[in-house]
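Hi everyone, thanks for coming.

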Amino acid sequence: MTAPPNHEVVSFNFTGRNILVTGGTTGIGSAIARAYLAAGANVTVSGTHENIEAYSPSPPRGSKYIQFNLSSLRDAEIIASHLPRLDILINNAGGTSAPENFADAVQKNLIGTEMLTTTLKPALAHSKMPGGASVINVLSS
């Protein structure tokens, strides 16, 4: 019988960092948001419902919520007005790519993501993180 492997616990410190996780109310986005919250970050999540109470199970406790539609420049501008400084943008929101929904998938997954990232460029430029801000794009099918 062999002893179990010795696993080191890895921890991260994002105290004071401002993080936005689009699609952060459920699934992978929610798990990402929870991990950053556990590491001390100020986390904002976005979703399509009017308010955070519409989600079940509820989004990560301690996060701020902003309604966001990936196809809306106005929504991107609203997010930018709430986040004058952003350290990490995680573009996680998106749609499926079924053949009959291809145009919608391109609008959300490509054009909407680029529009939000461009709109948040001034906030990302104000990051105080060593090395500057980061943009992480999450794609799935």
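Let's begin with a charged pair: arginine 85 makes a salt bridge with aspartate 87, and their closest N and O atoms are 2.7 Å apart. Please keep in mind that this is a predicted model. How exposed are the two partners, arginine 85 and aspartate 87? Arginine 85 is partly exposed, at 24% relative accessible area, while aspartate 87 is buried, at 0%.

Now over to helix 1. This helix runs through residues 27–38, twelve in total, and spans 17 Å from the first C-alpha to the last, close to the expected 16 Å. Which of its residues are buried? They are Gly29, Ser30, Ile32, Ala33 and Tyr36. Looking down the axis of helix 1, you'd find these buried residues within an arc of 160 degrees, so they line one face of the helix. They pack against strand 1 (18–21), strand 2 (42–47), strand 4 (88–91) and strand 5 (134–137). On the other side of helix 1, Gly27, Ile28 and Ala38 are exposed.

One last stop: just after helix 1 comes glycine 40, with a positive phi of about 95 degrees. Thanks, and I'm happy to chat about any of this!

Terms used: Residues numbered from 1 in each chain as written. Predicted model: local features only at pLDDT ≥ 70, side-chain atom pairs only at ≥ 80, totals over all residues. Heavy atoms only, no water. Helix = DSSP H or I, 4+ residues; strand = E, 2+ residues; numbered from the N terminus. Expected span 1.5 Å × (residues − 1). Buried < 20%, exposed > 50% of the residue type's maximum accessible area, 1.4 Å probe, protein only. Arc of directions from axis to C-beta. Contact = heavy atoms within 4.5 Å. Salt bridge = Lys/Arg side-chain N within 4 Å of Asp/Glu carboxyl O.
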